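Here is a short tour to read with the model open beside you. Take it one topic at a time and look up each part as you go.

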Amino acid sequence: MRIAVIGGGPAGLYFAALARSLDPAADITVWERNAPDDTFGFGVVLSDETLGGIEHADPVFYAQMAEQCARWDDIDIHLRDSVVTVGGQGFAAIGRKKLLQLLQQRCGELGVRICFRAEAPDPDDLRRGYDLVVAADGANSGVRARYAGAFCPSRVLHRNKYIWLGTDLVFDAFTFHIRETPYGVMQVHGYPYDATGSTFIVEMHEDVWRRAGFGEWAGSAFPPGVSDERSVARIAELLGEVLGGHAILVNNSKWQSFGTITNAAWRHDNVVLLGDAAHTAHFSIGSGTKLAMEDGLALAACLHEQPGIEAALRAYEAERRPVVASTQRAARASLEWFENIGHYIRQDPEQFAFNIVTRSRRITYDNLRLRDPEFMARMDAWFAARQVAPASAVAPGGAHSSTADPGDSLTTRSTPPPMFHPFRLGNLDLCNRVIVSPMDMYSAADGVPGDFHLVHLGARALGGAALVMTEMVCVSAAGRITPGCAGIYDPEQERAWARIVDFVHLHSAAKIGIQLGHSGRKGSTKLMWDGMDEPLEHGNWEVAGPSPIPYSPANQTPRELSRADLDQITEQFVTATRAAARAGFDLLELHCAHGYLLSSFLSPLSNHRRDGYGGPLANRLRYPLEVFDAVRAAWPAERPVSVRISATDWHEGGNDVEDAVQIAAAFAEHGADAIHVSTGQVVKDERPEFGRSYQTPYADRIRNDLARRYRVAVIAVGAISSYDDVNSLLLAGRADLVAVGRPHLYDPNWTLHAATEQDYHGPGAAWPAPYLAGSRKPPTGRTDGPRPRLTLLRRPDAGTRHARWHPPGPQPSQPSADEPG
């Protein structure tokens, strides 16, 4: 096999070495335009997982590299006058130049031909003369550009500016320095890579960058290899104290905006993209070289395992694409956190430290409890000390909130996990932070909730959640989504709801809320399992909305609502509100999300009105706020009102997070007690970015923006499936309450089981008295039994790993880890 590799960076060299080791007869040539000792940047970070893969794939190269790696466990977070250390992380870094030297040496040992200071031949010529052409030519890949029609690349530039520097200060841990300057927040990412120096990355929002004066010479052109010395001097003025007098080093150092690169395809005939040519992920999760080397390993393995080039490239892309997509999602969460760092700067140093470490959502509450239990014990105590006890923590008659049945022995944590702390929402006391999310059941008859609803909502109330929400309950027959939707527009429906509310109050510690809404242009459709959002074929009714724009080409075109229509619908909301109050609901939520009537007024994609209810956001807010004010006036003053919004339309030209902050602020200004932050479902051709907890950054942004101005709770929702994620969101300050939907369909007792899994037994997890005997997790097999002693002498618990990087030999002086900067 003849293989041409374009690009002699870590991706291309590592692939070439592995491919040659697996097939010594392969003829492999690498073209690298630079000299052997030319490289840009300073150090690279590799995870323990990646190092394990390298060790398994090539023990010889691993041993050579391991000798050169700096290793440590701690992260130091410097904020204001505090330093918070989080341990147990397990880092390894190596100088980029040293890594390339080792890879070049390994390729030479294995017989790979490397052509330095040489431009690769034309890709078309390589395609004809070689079995495989590997494009490892970086983020600005010429090969990718040549075949852009096949690869369909995309590059998204982000808002922060950063510059890659070095220093002769040898940090002894991964170090974040967060500095508040007269121009805004600036952050330093620093880590050691050998005994002589550290990587030193300076990052800030573009607005801060301009205010600090860096934009004055932004138009200057710097040839390859030439650094922006004026900016470096300015950085020394602003951030020199971080380095304690040590030098700032440059290597092709200039300001950049990070670009996230994706490609619709990674292969074209016998050409394949590798590393940054195929994808990029923000440096804040240390992923670039890691992904590149993992790509090289996977491609070499697939070539060895598969019967031919085409099958190998197909297997390579199928294997790597999900891994890369997951990493890019984490990297995007991380980079967006740093773009919005100004919203977190007022957090206590402890919470800020937890927040920054968990920003990508890959490190979580439970994960940190394993890595650094001492830090997490302090965080649990910190969170507990800041909670306000509810006015009444007494569980209703049917619920039992003591630690155990008399005579039983259950261990419990000394401090509850964040999710089991109580919360006061307006004047409503909740025993924990978990909400059963509103979920349409499409199982009502003529709008009347029946036995199914009693069992469905009653079971989840018995299951431990503090607040159980109904599905969207419609304010009129014409406001239903489907014929199976529940309503509260006639006395029979009201009586049926009162029966359910009474059951919840009598038999559980849960509160129950009703979500009121009107389907608008998304009405008159089939039951979900018969065809979601598909129009009814029989028994349909007229739909209405702010403008005559159908939800999709298949749906009805709605009738544009007149002033009289708006008044009538407002009165329907008021009538439903009064009925809900009589039925005994504890909370009312106004549904202004997911493209239903009030949501469709808010979105410019569905609201094209030319009167006072259309146009700018202030006008689009007018009718939803009119309805809210009317509902709030009709609802008992002592009971809270929540508003659910779609924080983004997931569509160009629609609402996004900046609009969502204004929408949330408007409802808070009008007296909302909580904002329930969902996203999307406003237009049929939306393009949501699904993933674990994918909507929570919107709740995070709204909470940390509104907290400075309003006393309003924020509810996070959306693909939150583990108690670990719930605890992480709460402890980081990204939400006050968390709504969990589908996990409660899978397990009605999800909240109680989460308490048991975390060894928590207390008032935040109120087991119904008849179920108390089941409050301990049942054994599942022999492995749960007591285990014999298998060691003569037990070693004491070593505690958290707090190893720091101490290079061998004489060490340069540096600031103490116990002192800022």
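This is a predicted model: local features need pLDDT of at least 70, side-chain atom pairs count only at pLDDT 80 or more; totals for chains, interfaces and linings use all residues.

Residues are numbered from 1 along each chain as its sequence is written, and side-chain values use heavy atoms, with hydrogens and water left out. Helices (H or I, at least four residues) and strands (E, at least two) are DSSP runs numbered from the N terminus. Two strands pair if DSSP finds at least two bridges between them.

**The barrel**

- A barrel is closed by 8 strands with parallel pairing, in the order E21-E22-E23-E26-E27-E28-E29-E30.
- On average, neighbouring strands in this sheet are turned by 25° against each other, direction ignored; axes here are lines fitted to C-alpha atoms, for helices over the stretch in contact, and angles run from 0 to 180 degrees between N-to-C directions.
- Strand E30 (residues 737–740) runs parallel to strand E29 (residues 713–716), and 2 bridges join them.
- Across that pair, Ile 715 has Leu 737 as its bridge partner, and Ala 716 stands opposite Val 738.
- Strand E21 (residues 434–436) also runs parallel to E30, with 3 bridges, and Val 436 is partnered there with Val 740.
- Which way do the residues of E30 point? Leu 737 and Ala 739 face one way, Val 738 and Val 740 the other, and all are buried; buried means under 20% relative accessible area, exposed over 50% and partly exposed in between, with a 1.4 Å probe and protein chains only.
- Helix H16 (residues 491–507) lies across strand E22 (467–474) and strand E23 (511–517), at about 150° to E23.
- Helix H22 (residues 657–669) lies across strand E26 (587–592), strand E27 (641–646) and strand E28 (674–678), at about 165° to E27.

- In strand E2 (residues 27–32), 5 of the 6 residues are buried.
- E2 is joined to strand E1 (residues 2–6) by 5 bridges in parallel, and E2 pairs with E8 in the parallel sense over 4 bridges.
- Val 30 takes part in both pairings: Val 30 is the bridge partner of Val 5 and stands opposite Ile 114 in E8.

**Cavities**

- A cavity is a set of points on a 1 Å grid over the protein atoms alone where a 1.4 Å probe fits but cannot get out, and its lining residues have an atom within 4 Å of a point.
- Grid points are joined across faces, edges and corners, and a volume is the space filled by probe spheres set on the points.
- How many cavities of 30 Å³ or more are there? The count is 6.
- The second largest cavity has a volume of about 60 Å³, and its lining includes Thr 358, Arg 361, Arg 692, Asp 725 and Arg 734.
- Helix H24 (residues 723–731) gives the most to that lining, with 3 residues.
- The lining of the second largest cavity divides into 2 nonpolar, 5 polar and 4 charged residues; Ala, Val, Leu, Ile, Met, Phe, Trp, Tyr, Cys and Pro count as nonpolar, Asp, Glu, Lys and Arg as charged, and the others, Gly among them, as polar.

- Lys 290 is placed in helix H10 (residues 288–305). Is Lys 290 buried or exposed? Lys 290 counts as buried because its relative accessibility is 9%.
- Leaving aside neighbours within four places in sequence, Lys 290 is in contact (heavy atoms within 4.5 Å) with Leu 46, Ser 47, Glu 49 and Thr 50.
- Phe 452 lies in helix H15 (residues 451–462) and counts as partly exposed, at 42% relative accessibility. Beyond four places in sequence, Phe 452 is in contact with Met 441 and Ser 443.
- Gly 615 sits in the loop between helix H19 (597–602) and helix H20 (617–620) and is partly exposed, with a relative accessible area of 39%. Not counting residues up to four places away in sequence, Gly 615 touches Arg 609 and Arg 620.

Note on methods: On a 1 Å grid over the protein atoms alone, a cavity is a set of points where a 1.4 Å probe fits but cannot get out, and a pocket is an open set with protein on both sides within 12 Å along at least five of seven lines; lining residues have an atom within 4 Å of a point.
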